[in-house]
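Keep the picture open as you read.

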Amino acid sequence: MTARPGPTVLDPDRFVVVARRPAPGRLLHFPLHLADRPLVTPGQQVMPGQPIIERFREQEAVHLPTTAAVVGLRPGDILDHVPEPQSGRLGRRSAQVAYRTRVCEHGRDGITRLAAGSGDIVVHAPAAGTVEQVLPGRIDLRTEGLAVDAAVGWGRPAVGRIAIAADAPDGEVPASRIDVTAAGTILVVGARIDIEAISRARAIGVAAIVSGGIASRYLRQLGSSEARQQAALHAAAPFGLLALGGYGRVPIPTHLWDLLKAADGRPAGIHAASRTLIIGGDPQPLLAAAARPAGTVRVISGERRDQEARLVGLSGPRRWPGGVYAPGGYVEIVSAAGRVERTCLPLTTLERLG
């Protein structure tokens, strides 16, 4: 006689998405191109806004005969004031000096290949920290402060003080509300921001924008604007954008909104390549503001999206609209009238906060 199998016990940790919580310290990677020049060394302490990379808008290859003056240089070494012959008017030859080059290789054909750059752009450190490595292809910086992850990032590293411009996590900030008092700040603008407000913020001198969501067409327009500025050799101030929730109109998650309100006025920086906001100062008050009781979850999709609830039980596998079978859980949500409503939602639509 065989024993009957016991009831299936579901582990919510296998199905509920765990939110990536803000954590102190983050290792940031800054890419280096062939002609770029690092301005820091391993082990060096850097401060927010300190130049760490000298980058070039335009880079090209330069060929030079391998002579005794250059054969001793290793790949990556700097070689400046290199004459680059170019054709002049009426077929005549004219020499143009190519500045700021780095050695790529000494070829077996007797030609030394260099990477030359023009139109330099300085990359600044978004936060205080320590340089861990300076490699041929990147710089690793271990930052200090509290790191908050975003879903979308665009732009260059920027530093400033956090300023709350929205009234609520699902609010919006029109262009008319952005004035010169926001210059040099990292502006928190709520659920979304349009291209007019972004353009006004850049013109005024806002260092960066943090929103809940962003439309993809606005990012394409920003990319086109950046390309036009580079083509015109116009040196624009560093500017970046982070969307904490993703694309479209997405309210800022409540726990991150509480954290940002507690960080109002603090120095901060953004690193758009890693989609990270780094807040300086003591992280403990910020972590306490974003903390939630055990069992707290956030609904990440569906009709109750972006609402916080408390997971009180499991329902086992169920059939959901569309004919999909998935484990569910009972959650208690406080309505706008203050009443506690209990409902069943798929565990895959929940994000654990506490």
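Let us begin with a pair of residues that face each other: valine 46 has glycine 129 of strand β11 as its bridge partner. The model is predicted, so local features need pLDDT of at least 70 and side-chain atom pairs count only at pLDDT 80 or more, while totals for chains, interfaces and linings use all residues. Residues are numbered from 1 along each chain as its sequence is written, and side-chain values use heavy atoms, with hydrogens and water left out.

Helices (H or I, at least four residues) and strands (E, at least two) are DSSP runs, numbered from the N terminus. Two strands pair if DSSP finds at least two bridges between them. Strands of a sheet pair through backbone hydrogen bonds, either parallel or antiparallel.

Back to our starting point. Strand β4 (residues 45-46) pairs with strand β11 (residues 129-134) in the antiparallel sense, over 2 bridges. On from there, β11 pairs with strand β12 (residues 138-149), again in the antiparallel sense, over 5 bridges. A hairpin through 3 residues connects β11 to β12, and valine 131 has leucine 141 of β12 as its bridge partner.

Now look for an open sheet of 5 strands. Its order is β3-β5-β10-β9-β6, and the pairing is antiparallel. Which strands lie at the edges? They are β3 (37-38) and β6 (78-79), each of which pairs on one side only. The link between β3 and strand β5 (residues 51-65) is antiparallel and has 2 bridges. There, arginine 37 stands opposite glutamate 54 of β5.

Leaving out residues up to four places away in sequence, glutamate 54 touches Asp36, Arg37, Leu39, Arg100, Asp120 and Ile121, where contact means heavy atoms within 4.5 Å.

For a contrast in setting, find aspartate 170 in the loop between β14 (158-164) and β15 (185-188). Its relative accessibility is 41%, so aspartate 170 counts as partly exposed. With residues up to four places away in sequence not counted, aspartate 170 touches Ala191, Arg249 and Pro251. Serine 211 is 41 residues from aspartate 170 along the chain, and their C-alpha atoms are separated by 9.7 Å.

Next come the helices. In α1, the buried residues are Ala197, Ile198, Ala201 and Arg202. They cover an arc of only 135° around the axis, which puts them on the same side of α1; the arc is that of the directions from the helix axis to the C-beta atoms. The face turned away from this buried side carries the exposed residues Glu196 and Ala203. Among the elements that cover the buried residues of α1 are β13, β16, α2 and β17. After α1 comes glycine 205, with a positive phi near 115°.

Helix α2 (residues 216-231) has 16 residues and reaches 23 Å from its first C-alpha to its last, close to the 22 Å expected at 1.5 Å a residue. That expected span is 1.5 Å times one less than the number of residues. Tyr218, Leu219, Leu222, Ser225, Glu226 and Gln229 are the buried residues of α2. Seen down the axis of α2, these buried residues fall within an arc of 120°, so they line one face of the helix. On the other side of α2, Arg220, Arg228 and Ala231 are exposed. The buried residues of α2 pack against β13 (152-155), α1 (195-204), β16 (208-214) and β17 (240-247).

Strand β21 (residues 308-320) runs antiparallel to strand β22 (residues 324-334), and 9 bridges join them. The two form a hairpin with 3 residues between them, and glycine 322 in the turn has a positive phi of about 100°.

Conventions
Buried < 20%, exposed > 50% of the residue type's maximum accessible area, 1.4 Å probe, protein only.
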